[in-house]
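Work through the exercises below with the structure in view, trying each task before reading its solution.

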Amino acid sequence: MSKGLLIILSGPSGVGKGTIRDAFFNNPELNLAFSISMTTRSKRAGEEHGREYFFVSKEEFKQAIEDGKLLEYAEFVGNYYGTPLEYVEKLRNEGKNVLLEIEVEGAKQVIQKCPDALSIFIVPPSLDELERRIRGRATEPEEIVQQRLAKAAKELTLSNQYRYVVCNDNVQAAAAIITTIIKSHM
């Protein structure tokens, strides 16, 4: 059995990473496994350790950083999030193609540590369309919307650091392109 691929799906907030992932993830030909992240945030109602996240203390997370046990990590609103290296390698050694749906900062860390990773950056058709999508969620105050848009503009300049760039102007078309990319590397 050959080792599975490490696939990075990244892009700015609001670009539709999760929607696109949902459109191709269950394709049995792709043999995909979703990487579960480690976090220090508290469990929400209905969440289970090892299903949504691996929930750990800040001390355990900092020890994992120190011991080099994370493929990537970041701190966000006072909590840590990261990808456990051992878990990803276990899945890949089982022949699974492991999908990491991560933000740009985490993707940079993974690309640096794993140059063989299949990195795919999702871009919006335009910044105006990205703004429309973020505002369409209607879940955040204007200040946060502006922060997300400013961050997205910066992140879009980093698309050249990825092996592939896919435009999400149509979810099914973007999912089909990503499916083709993954198959071509299997």
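**Exercise 1.** Determine which handedness the crossing of α1 and α7 has, and describe how these two helices pack.

Step 1. The crossing of α1 and α7 is right-handed, where a crossing is left-handed if the near helix is turned anticlockwise from the far one by less than a right angle, and right-handed if clockwise. The model is a predicted one, in which local features need pLDDT of at least 70 and side-chain atom pairs count only at pLDDT 80 or more, while totals for chains, interfaces and linings use all residues. Residues are numbered from 1 along each chain as its sequence is written, and side-chain values use heavy atoms, with hydrogens and water left out.

Step 2. Two packed helices are described by the angle between their axes and the distance between the axes. For α1 and α7 the angle is about 65° and the axes lie 9 Å apart; axes are lines fitted to C-alpha atoms, for helices over the stretch in contact, and angles run from 0 to 180 degrees between N-to-C directions. Helices (H or I, at least four residues) and strands (E, at least two) are DSSP runs, numbered from the N terminus.

Step 3. From α1, the residues Thr19, Ile20, Ala23 and Phe24 meet α7 residues that include Val171, Ala175, Ile178 and Ile182, contact meaning heavy atoms within 4.5 Å. Sorted by class, this contact has 8 nonpolar, 3 polar and no charged residues, with Ala, Val, Leu, Ile, Met, Phe, Trp, Tyr, Cys and Pro counted as nonpolar, Asp, Glu, Lys and Arg as charged, and the others, Gly among them, as polar.

**Exercise 2.** Describe the crossing of α5 and α6, and the classes of residue in their contact.

Step 1. α5 passes α6 in a right-handed crossing, and their axes come within 11 Å and cross at roughly 145°.

Step 2. Among the residues in contact are Leu127, Leu130 and Ile134 of α5, together with Val145, Leu149 and Ala152 of α6. By class, the contact of α5 with α6 has 7 nonpolar, 1 polar and 5 charged residues.
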